Amino acid sequence: MKLIIPYLGMFLIIFAYFAGIAFAADPDERLNKLEESVKKQELTIEQQQATINDLKMEIEGQKKQGASAQPAATPQAPKASGLFGGSAFTNPNISLALDTFAFGSNLSNDELANQGIPGFTTNGLEWKNGFNLDSAELFIFSPVDPYSNLYVNIPFSENAVTIEEAYIVTTGLPSGWQAKIGKFKSNFSRIDAQHPHAWDFFDIALPYRAFLGDEGLGGEKGIQLAWLPALPVYTQFGVEVLQGENSLLFGANAEEGPHAFTLFVKSSVDISDNSTLYFGPSVLFGKTDSTSILPGLEIRGNSALYGLEGVWKWKPASREALTIQAEYLLLTQSGNTEDPVTHEAIDPLRRMQDGFYLQAIYRKNRWGVGARYDALELFSDRFELAGVQQNYGSKPHRETASLEYNPSEFTRVRLQLAHDQSDPSGRTNNEAILQLNLSIGAHPAHSF
């Protein structure tokens, strides 16, 4: 506190100095400047009105001559500002998002690494007590031509550089159709399509960690076709054909060629002038060949993950908003456990497990406060090996609270506290996370 007081005093002195300069000008001089400014604005308005009158006369003359006499207009490519202020066709938009955090838990680093969810995943937590650098993500966006846009996302971590996304999106298909081709985050759900820096909480909801992993489905190679028909209510239909390399749900070796598929419907309706509801069902299904579900065993079979999500946003003012989001996931899986070396079948496997989360974020001015509750085995906890139900202990659940401060639209500081009881054995993970997220450059706006 003693160190803060001198800086606070210095800040007040500097503020008072510049405030004195701003208001020390003579009132008559300030009045004269205002009058000059008003005269300049009046002259500008007169010139603009004259230009409008000329354009009206030109349009009337063209109408009299007849539309058939006019040559066909040549389509012009849209102008967009790029990295240095020129056209985006020659200067792509480039940005960088840095995510770093301090982590503290009552569990040791070894215990965190082994903090899986028995009956769901053997993958533990990668975070370590102390300071962590998650990644620095490089985003590149640019129109390729009038018919497609290019998006690239390259995360840099301490140990690796990967291409999480690299895809094109068509902009010229007729009748509301759009195609996405390359490697991209699936539109299976709203949270799955987002990058981690855009999440309302530091980590992903518990059902996603249990069924898909710490970052959801992740970047998948494939193609997406979406159709936005002309309906009274915004409704988008979509289908995806994916390679299926998610190690938890599918496995990179599940089958040669594409072996994962997604169907989704997304709708949005304005409830009032200040609120909007977004909702829709989806399904993700395909072949499974995973070694991340049961320790020491390989699971081979068919899987389907069904989802139903809803998001309600209330925004009564430009600097105030409330977002409530909920989602229910149901996994069905059938196949066999196998020896991971010889691939010999051991026991038949049948699963039907579910999970959900409910979260709310209230933001006002630069502050935000949030709460989330997520749990597994809400209605179904079937996990049968050779026809015998497996008992892994209590139902996994977690409670999370967050407080964030946004000094600007490019900076976010977030404190998150969680009481994590996702380990059915009863080992609780009480954790605290202080996250700093910074971004620079021209980053495309996030979706709804």
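Reply: Two strands pair if DSSP finds at least two bridges between them. The strands themselves are DSSP runs of E with at least two residues, helices are runs of H or I with at least four, and both are numbered from the N terminus. As an example, A166 stands opposite K183 in β5.

Me: And what kind of model is it?

Reply: This is a predicted model, in which local features need pLDDT of at least 70 and side-chain atom pairs count only at pLDDT 80 or more, while totals for chains, interfaces and linings use all residues. Residues are numbered from 1 along each chain as its sequence is written, and side-chain values use heavy atoms, with hydrogens and water left out.

Me: How many helices and strands does the protein chain have?

Reply: Five helices and 17 strands make up the count for the protein chain.

Me: What share of the 448 residues counts as buried?

Reply: In the protein chain, 38% of the 448 residues count as buried. Buried means under 20% relative accessible area, exposed means over 50%, and partly exposed is in between, using a 1.4 Å probe and protein chains only.

Me: What sits between β4 and β5?

Reply: Their hairpin has six residues between the strands, and S175 there takes a positive phi near 60 degrees.

Me: Where else is phi positive?

Reply: N365, a residue other than glycine, has a positive phi near 55 degrees. N365 is in the loop between β12 (345-364) and β13 (367-385). A386 is not a glycine either, and its phi is positive at about 55 degrees. A386 lies in the loop between β13 and β14 (388-389), and this residue is partly exposed because its relative accessible area is 42%.

Me: New topic. How many aromatic pairs are there?

Reply: A search of the whole structure finds 14. Rings of Phe, Tyr and Trp (its six-membered ring) pair if their centres lie within 6.5 Å; planes under 30 degrees apart count as stacked, over 60 as edge-to-face and the rest as tilted.

Me: Why is the pair of W127 and F202 edge-to-face?

Reply: Because their planes are at 65 degrees, with the ring centres 5.1 Å apart. This pair links distant parts of the chain, 75 residues apart: W127 is in the loop between α3 (109-113) and β2 (130-145), and F202 is in the loop between α4 (190-193) and α5 (206-211). W127 and F202 are both buried. Another pair is Y167 and F184, with centres 6.2 Å apart and planes at 75 degrees, so this pair is edge-to-face too. Y167 is in strand β4 (residues 165-170) and F184 in strand β5 (residues 177-185), 17 residues apart. Y167 and F184 are buried.

Me: Which residue lies over the face of Y167?

Reply: K180, at 5.0 Å from the ring centre. Likewise, R372 lies over the face of F201, at 4.7 Å from the ring centre. A charge sits over a ring if NZ of Lys or CZ of Arg is within 6 Å of the ring centre and within 35 degrees of the ring normal.

Me: What about the largest nonpolar core?

Reply: The largest nonpolar core has 26 residues, and those with the most contacts inside it are Y208, F211, L212, L284 and L305. β4, α5 and β11 (320-338) each give two or more residues to this core, and α5 gives the most, with four. A nonpolar core is a set of buried Ala, Val, Leu, Ile, Met, Phe, Trp, Tyr and Cys residues joined through side-chain atoms within 4.5 Å. A second, separate core of eight residues includes F101, L107, L112 and I433.

Me: Last one: where is A432 found?

Reply: A432 is in strand β17 (residues 429-441). A432 counts as partly exposed because its relative accessibility is 32%. Leaving out residues up to four places away in sequence, A432 touches A102, F103, G104, Q416 and L417, where contact means heavy atoms within 4.5 Å.
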